[in-house]
Amino acid sequence: MKRHRWIPYLLLLPSLIYLALFFLYPMTQAAQLAFTREGQYLNLRAEPSDTAPVTGALALQTEVRITERSEQQETLASGAQRPVFWYRVQAEDDSGATVDGWVSIRNLFIENRRTSETARVTSGEAVREFSLTHVNRMFTDFRFDDALWTTVLLIILIIPAQFVLAIIMALVLQSQIRFSSLFLYIYAIPLGLSDLVSGILWFAIFTQRGFLNSLLVEAGILDLPFIFIQAGQMGWMIAIIVLAEIWRATSIVMVIIVSGLQAIPRDYMEAGEVFGASMWQRLRHIILPLLKPSLQVALILRTILAFQVFAIVIAITGGDILTVLANETFRWYDPARFNSPNMAAAYSVFIMLISLGVSLFYLRAVRSQEEATQTA
């Protein structure tokens, strides 16, 4: 019997290893990059020796006052000797406290090593310390507000429309009407296309010489092509992104809802028909309440993916006229642009925290009756 107790844990082990490697480790690395700052600090020593205890630390470019000198002799590999100067210095550290200690001339810029009374710290030891510098810089970035509000607006416009369409599509498939299998194949077409391909496809429809403008001009509705994608048409660009994302990802929600519908016993639906419930009443009082677990999963999945909308925005707008949080993450990480992994990590941690917060909200707000009873 004791052997059987370990079987569930052994079955869970692969998924735990996967989460540790591809979620926990990247998440901790990103948080470390976002909340730490790398720099160089010069350690001050209690005596003129590299092995003496440390009495304080000074940042680079700190101006120091020299209070004492010590000249030592260093033996080179050739056997010759040369003088090595150590200086006892005083200065204020980052916290404003006065520190005092010995430093080597190797770490200072000094005009005259024998007579100068001041110097400047030019090198030190690499250290990593906790800092909110990158987070503050992210919040004050002039693109941050636009990226955040555009991302939120896209989620508000995309998620409800996707769920309404997905429920309708799932009900059509579940009704088993004629050609329902054909509808399934049609609905599944976007699932075989990547984000970038979908964005290029919709860009080809709405560009100045695209399919839509060609059709409208040939039909005589427009004399000249209408430029949908330009700096002055933010509304049109957002609408195109919404259409592209709805077309691409609604089928994912549909698949989850279809699986949920198949788990609902047909007795419930037949009982509703016997008691004269209309289709709307059955949908509201039978189908949707029993679909809450599936809707919960679909909401969490789609919202997290909506925060990561990137390729479609880049393909349609180029990412400069209209931006989202995922685009800003890539912009800061891109070596050809800002090349700042710390700032990219700050954006990624921000996206992750929002996604986790929204997921927790869905877990509390969209609960089945059994879950609500157990919590109560």
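Student: Which residues are in contact with Asp141, leaving aside its neighbours within four places in sequence?

Tutor: In this predicted model, Asp141 is in contact with Glu328, Trp332 and Tyr347. Asp141 itself sits in the loop between α2 (133-140) and α3 (144-174).

Student: Which side chain of opposite charge is nearest to Asp141, and how far away is it?

Tutor: That is Arg143, at 6.1 Å. A salt bridge needs the charged atoms within 4 Å, and Asp141, though buried, has none. The side chain of Asp141 does make a polar contact, at 3.1 Å, with the side chain of Tyr347.

Student: Let's turn to the rings. What describes a pair of aromatic rings?

Tutor: Two values: the distance of the centres and the angle of the planes. The whole structure holds 18 aromatic pairs. Take Phe206 and Phe228: their ring centres are 5.3 Å apart and the planes stand at 85°, so this pair is edge-to-face.

Student: Where do Phe206 and Phe228 lie?

Tutor: Phe206 belongs to helix α5 (residues 195-206), while Phe228 is in the loop between α6 (211-218) and α7 (234-262), so the pair ties together parts 22 residues apart in sequence. Both residues are buried.

Student: And how are the rings of Phe228 and Trp236 arranged?

Tutor: Their centres are 4.8 Å apart with planes at 75°, so that pair is edge-to-face. Phe228 is buried, with a relative accessible area of 4%, whereas Trp236 is partly exposed at 37%.

Student: Which residues do ring pairs link into a cluster with Phe228?

Tutor: The cluster joins Phe228 with Trp202, Phe206, Phe226, Trp236 and Trp247.

Methods: Residues numbered from 1 in each chain as written. Predicted model: local features only at pLDDT ≥ 70, side-chain atom pairs only at ≥ 80, totals over all residues. Heavy atoms only, no water. Helix = DSSP H or I, 4+ residues; strand = E, 2+ residues; numbered from the N terminus. Buried < 20%, exposed > 50% of the residue type's maximum accessible area, 1.4 Å probe, protein only. Lys, Arg positive; Asp, Glu negative; His and termini not counted. Polar contact = N/O pair within 3.5 Å; in protein donor to acceptor, adjacent residues only side chain to side chain. Contact = heavy atoms within 4.5 Å. Phe/Tyr/Trp six-rings, centres within 6.5 Å; stacked < 30°, edge-to-face > 60°.
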